[in-house]
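Please look over the sequence and the model below before reading on.

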Amino acid sequence: MNKKILPLGSIAANCVVLWNEGARDCWLVDPGGDPDELLAFLAEKGLTPALVALTHGHFDHIGALSGLMAKWPTLPVHIAPGDAAMIGHAMNVWPPDYPGVAKPKTLVTDLTDGASLTGGGLTAEVLSTPGHTPGSVCLHFKADNLLVTGDTLFAGSCGRTDFPGGSMPEMQKSLARLAKLDPKTVVVPGHGMTTTIGREVESNPYMP
């Protein structure tokens with residue numbers, strides 16, 4: 001599986017583009033902004049998104065949705081039920097950089113714990129990891145030893161829990177769950193550099 005990490009938007013949220021070698025279909029995880037930059041990369045690689053997956057609903061992780069939906073109106077957008085209300089909500093903005101997005105008609109609230117998300121030749125297991133938001137999830141690509149964590153786990157830190165719906169006790173439970181994964185698992189967080197589960201267990205003060 002190929003991956004490209006594009007830090008998009010003024011807060012530089014990591015949009016993760018995933019695709020199989022030789023394939024034209026891809027996944028877009030957390031398209032946070034700069035739709036023109038994202039579209040240019042897809043055109044360069046000859047890729048077409050099979051789906052969008054959102055690790056959570058905050059404005060800096062969904063900012064490119066309107067641009068994507070304008071080009072691909074039937075593109076499925078997957079999110080956990082606990083965060084679905086954020087999409088299109090008038091309060092989920094940070095102007096002028098993040099003026100908000102319209103709620104896609106194709107929004108699917110199926111990212112529940114243990115579910116398999118499949119499309120475009122790729123499959124990920126959904127891990128429910130509340131704490132940053134009630135509906136935060138991680139996407140675990142077991143065959144590739146890859147974990148996309150959104151704002152649950154960062155290199156050396158974890159997501160904030162002082163926003164509405166955040167919870168430090170829930171975050172601690174979620175991090176404890178991630179700590180049990182294969183130490184060699186590569187972690188692509190929602191912001192910043194990649195890391196591994198093993199490195200975070202050894203050095204991250206928020207990990208158990």
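Leaving aside its neighbours within four places in sequence, which residues is Thr 195 in contact with? They are Ala 155, Thr 185, Val 186, Val 187 and Glu 200, where contact means heavy atoms within 4.5 Å.

This is a predicted model, in which local features need pLDDT of at least 70 and side-chain atom pairs count only at pLDDT 80 or more, while totals for chains, interfaces and linings use all residues. Residues are numbered from 1 along each chain as its sequence is written, and side-chain values use heavy atoms, with hydrogens and water left out.

**Thr 195**
- Thr 195 is found in strand β14, residues 195-196; helices (H or I, at least four residues) and strands (E, at least two) are DSSP runs, numbered from the N terminus.
- Thr 195 counts as buried because its relative accessibility is 4%, given that buried means under 20% relative accessible area, exposed over 50%, and partly exposed in between (1.4 Å probe, protein chains only).

**The six-stranded sheet**
- Six strands form an open sheet with mixed pairing, in the order β1-β2-β3-β4-β5-β6, and two strands pair if DSSP finds at least two bridges between them.
- The edge strands of this sheet are β1 and β6 (107-108), each of which pairs on one side only.
- Strands β1 and β2 pair in the antiparallel sense over seven bridges, and Lys 4 stands opposite Val 17 in β2.
- Strand β3 (residues 25-29) pairs with strand β4 (residues 48-53) in the parallel sense over five bridges, with Asp 25 standing opposite Thr 48 in β4.
- Strand β4 also runs parallel to strand β5 (residues 77-78), to which two bridges join it, and here Val 52 stands opposite Val 77 in β5.

**Helix α1**
- Within α1, the residues Leu 38, Phe 41 and Leu 42 are buried.
- These three lie on the same side of α1, because they cover an arc of only 95° around the axis, the arc being that of the directions from the helix axis to the C-beta atoms.
- On the other side of α1, Asp 36, Ala 43 and Glu 44 are exposed.
- The buried residues of α1 are covered by elements including β1 (2-8), β2 (13-19), β3, β4 and α2 (65-71).
- After α1 comes Gly 46, whose phi is positive, near 70°.
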